[in-house]
Amino acid sequence: MADPLNELEALRTQIAALTARVYQLELARGLPSQTVSPPVPPPVKPSTTPPQASASTTHEHKFQPSAASPAFPPRPRTPNPLSVPRGQEGDLEKKIGQYWLNRIGIAAMLIGISYFLKYAFENNWIGAGGRIGIGLLSGIALILWSERFRTQGHAAFSYSLKAVGIGTLYLSLWGAYQVYHLIPASAAFIAMILVTASTIALALSQDAELLATFAMVGGFATPALLSTGQNHEAVLFSYVALLDLAILLMAVVKPWRRLLWGSFAGTLVLYVGWYSSFYTREQRPLTVFFAALFAAIFAAVPLATRYERSTRFSGPSTTLTLLPLLNAVIFFLQLYVMYESEAATLTWFALALGAIYLGISAMFKKRFPGDDVSVINLLHVAIAIAFITIAIPLKLEAHWITIGWLIESAVLLWISVRTKTNFLHYLAVAALSLGIFRLLALDHLHADTLIFNARFATYAVAIAVLAGIAAFGKQHASENERPFLQLAVIALNLLALIALTWEAVDYFDRQMFTVGNQWQHYRQISLVRGFTYSAIWLIYGAVLMAVGFRNRSAFLRWQALILIAFTTAKIFLYDMSQLGGSYRILSFIALGAVLLGISFIYQRDWLKLSPDSPAPSAPAHSAKEMS
């Protein structure tokens, strides 16, 4: 007789094997498993049954798996073609069945109906009034019919029918006015407004952005459909402004910021279309008013919308980032086209826009104090600074433009340091670069007096701004900004050399102009001019070296060494052959004296540069070392 304990262990083994089999089948079919992992058969106790056990006991032990392997080998997981994995409801088959066939079917039905109506119209089965009536009734019927599908859960199909119905209503009203002249323009205009308003109401009540898009397209198409070829600026732009406000209100209560782009594009298209056909100088005040109204509506977008984050990407809203920038650029271009010959008026417009965008930036920062929307806030600051930068050349002339940009860069840098707004650093660098570029490339000023002239004053402003950057930088700049401070010091020294050299150039040009064709005097002035260039560079190099020694700045000393080396090369290669007499002697004596003096300082090792010299005290070195 079999041992009861062995029979119990055999039964447990069979149950474990069946459970593992069920688990594998669940995995193969992609079904949610009720077990966390396949069961492990319990260990089999050593059997006390003698070798001559019964046949039944031996048969039961065949199902017992070994401890080193599972009861059944795992099967590879293959997808079941009859099952639909979760998260793939939008596969190709479903898209074809639910969407593509739906749209193709609607298009085929509309084409068939259109051919029928066309055939009926050509054979005069239906009169003009009947045709318009059929269109209006068909549009209303399609919209009402679509609600039946929406209530049954077929929203996509319902919106497709609504699109056809709304389009039929617009086209029917257009035909009643433009084709058959059955109703006046005012009646058609009011009817289309009602269609647009009804579509907006449906979109809001059904939370359907697609319907809102239909309303927007129909709304902006209305003026084109009802155009009489006459100038009705006030009516047209008042309607567009109301439509823009309605779309802005929808974007306030719903996260439908894509409608704002459509509204912006539609407004721009209608404005450009009207402007190219009807604008005259006499209409400028009214046109500026409406252009400013449109710009104000879209400038208010960052303050009105509740959704400061992007709904599709990580980070701030693309709409709130790009739309204000495009709005500002396009509005100012409109003003520029209308006031191209009136620079003073454009200047005041630019300054006013700069102030407005600074105000928007402050209000936006107050509304969203978090750092995650700082990009949008700083963008408005950048737009404001850009308008101020544009206003400078519009109002000022010649070197005053350069001075204005240089002073603007200094002000931006000071504000950025005081407010700890790193973004303004880049705007300050941009304004400074514009000023220096204009100073070197565009401001070709000739001075009639030495030193006290407009060109030297402009260079002095640039040098002062760069000196301020170097001085402020030592206290407030981070390690990553140290290279920019060094670049500012180099630019400072280069501009100083260029300014001094230009003074010498103009001075000797005036001297040559007075002597006329007297060759001997002309030659003498040329020799003095060549010597003066070397003297200016050599003296500047010596002063720069002295400042480097005094401040223990290797950076300044290296600049001085490079300048002195360049001057030395000029004296040996040019002055030796061109200068004569006392000027050649003075050049070499001065060069020798400067070089010997510098060499003596290095030999005395006053800076303790030698390895065996005691290092200077740390506080003095760190306080005066210029990076």
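# Helices packed side by side

In helix 12, residues P324, N327, A328, F331, F332, L335 and Y336 meet L346, F349, A350, L353 and Y357 of helix 13, where a contact means heavy atoms within 4.5 Å. By class, the residues of this contact are 11 nonpolar, one polar and no charged; here Ala, Val, Leu, Ile, Met, Phe, Trp, Tyr, Cys and Pro count as nonpolar, Asp, Glu, Lys and Arg as charged, and the others, Gly among them, as polar.

What you are looking at is a predicted model, in which local features need pLDDT of at least 70 and side-chain atom pairs count only at pLDDT 80 or more, while totals for chains, interfaces and linings use all residues. Residues are numbered from 1 along each chain as its sequence is written, and side-chain values use heavy atoms, with hydrogens and water left out.

**The whole chain**

- The chain has 22 helices and zero strands; both are DSSP runs numbered from the N terminus, helices being H or I with at least four residues and strands E with at least two.
- Of the 627 residues in the chain, 38% are buried. Buried means under 20% relative accessible area, exposed means over 50%, and partly exposed is in between, using a 1.4 Å probe and protein chains only.
- Among contacts in the chain with a separation of 6 or more, 67% come from residues 24 or more positions apart.

**Helix 12 and helix 13**

- The axes of helix 12 (residues 318-338) and helix 13 (residues 343-367) come within 11 Å and cross at roughly 165 degrees. Axes are lines fitted to C-alpha atoms, for helices over the stretch in contact, and angles run from 0 to 180 degrees between N-to-C directions.
- This makes helix 12 roughly antiparallel to helix 13. Angles under 35 degrees count as roughly parallel, over 145 as roughly antiparallel, 65 to 115 as roughly perpendicular and the rest as oblique.
- Helix 13 is built from 25 residues and reaches 36 Å from its first C-alpha to its last, close to the 36 Å expected at 1.5 Å a residue. The expected span is 1.5 Å times one less than the number of residues.
- Which residues of helix 13 are buried? They are L346, T347, A350, L353, G354, Y357, I360, S361 and F364.
- An α-helix has 3.6 residues a turn, so residues three or four places apart point the same way.

**Helix 9 and helix 12**

- Helix 9 (residues 258-278) packs against helix 12 at an angle of about 10 degrees, with the axes 11 Å apart.
- That angle makes helix 9 roughly parallel to helix 12.
- On the helix 9 side, L260, W261, F264, L268, Y271 and Y275 meet T318, T319, L322, L323, L326, N327, I330, Q334, V337 and M338 of helix 12.
- The residues of this contact divide into 12 nonpolar, four polar and no charged.

- Helix 7 (residues 209-225) has 17 residues and spans 24 Å from its first C-alpha to its last, close to the 24 Å expected at 1.5 Å a residue.
- Its buried residues are E209, L211, A212, A215, M216, G218, G219, F220, T222 and P223.
- The axes of helix 7 and helix 8 (residues 233-253) come within 10 Å and cross at roughly 170 degrees, and the two helices are therefore roughly antiparallel to each other.
- A212, M216, G219, F220, T222 and P223 of helix 7 make the contact with L236, Y239, V240, L243, D244, I247 and M250 of helix 8.
- Sorted by class, this contact has 10 nonpolar, two polar and one charged residues.

**Two loop residues with positive phi**

- D207 is not a glycine, yet has a positive phi of about 55 degrees.
- You can find D207 in the loop between helix 6 (185-206) and helix 7, and at 49% relative accessibility D207 counts as partly exposed.
- I451 is another residue other than glycine with a positive phi, near 70 degrees.
- The loop between helix 16 and helix 17 (454-476) holds I451, which is partly exposed at 32% relative accessibility.

**Two buried residues to look up**

- L432 sits in helix 16 (residues 423-441). Is L432 buried or exposed? L432 is buried, with a relative accessible area of 10%.
- Not counting residues up to four places away in sequence, L432 touches L406, S409, V465, L466 and I469.
- L432 and E408 are 24 residues apart in sequence and 8.0 Å apart in space, C-alpha to C-alpha.
- T568 belongs to helix 20 (residues 554-578) and is buried, at 17% relative accessible area.
- Leaving out residues up to four places away in sequence, T568 touches L591 and L595.
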